[in-house]
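Hi,

Here is the structure I promised to pass on.

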Amino acid sequence: MTRGLSGLILAAALTVSGCDDSSTATSPTDTSSSSTTATVASPTTTEVFAGRLPVGGSTFYSFTVVENGTVNVALADVAGANVPSTVWLGLGVGTPSGEDCTTASTINTASTTTAGVAVHLTGTYAPGVYCVRVWDIGNLVAMAAFNVSIAHP
C-alpha cells in the first residue's frame, strides 16, 4: 500500500514540475474580416390563387421564391351558393409532394373582410418551390369559390 501511495505522489510531483509559470495566456482572436447577415427580401410579386373547393376537399397552388425573403399569404375571398363569406377553411404553406402539398405552417381561418389586407400566414423562405394549400375543415355544405393572395420575393 505504501508503494502505491509513493507512486501516486511521484506522479503528481512530475506533473507539477512540468508546469512553467513564466508563460502568459493568450485569448482567441477573430480572424474574420467581416460578419455575414442573411438578407431578407420583401415581397415583390403577388399571385392570386383562385379555385373551387368541394365539400371535404382540398386543393393547392405552387409558386417559386427567387430569393431569401418574406412570404405573406391571405385568404382573400370565399363565396358560393349556401357558402357564407365568413366560413372557416384550412390554409397552409409548404412544399409540393407528388399530387399534394405538404404544409409546414397552417391556420384555420375565415376570409378577410377587405380582400388581401390581412395576412393569415407569413414567414421567411429560402429560394425554392413552395405551395399554398386550401382545404375544408368540415364547415362547407356546398362547393366554394375562393381567392388566396400570395406575396413573395
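Below is what turned up, starting with how to read the model.

This is a predicted model, so local features need pLDDT of at least 70 and side-chain atom pairs count only at pLDDT 80 or more, while totals for chains, interfaces and linings use all residues. Residues are numbered from 1 along each chain as its sequence is written, and side-chain values use heavy atoms, with hydrogens and water left out.

Let's start in the core. A nonpolar core is a set of buried Ala, Val, Leu, Ile, Met, Phe, Trp, Tyr and Cys residues joined through side-chain atoms within 4.5 Å. Buried means under 20% relative accessible area, exposed over 50%, and partly exposed in between (1.4 Å probe, protein chains only). The largest one has 24 residues, and Val73, Val132 and Val148 touch the most other members.

Contact means heavy atoms within 4.5 Å. Leaving aside residues up to four places away in sequence, Val73 touches Val132, Val148 and Ser149, among others. Ser149 sits in strand β8, residues 144-152 (strands are DSSP runs of E, at least two residues, numbered from the N terminus). Ser149 counts as buried because its relative accessibility is 17%.

Asp100 is partly exposed at 30%, whereas Arg133 is buried at 18%.

Cheers

Definitions and conventions. Helix = DSSP H or I, 4+ residues; strand = E, 2+ residues; numbered from the N terminus.
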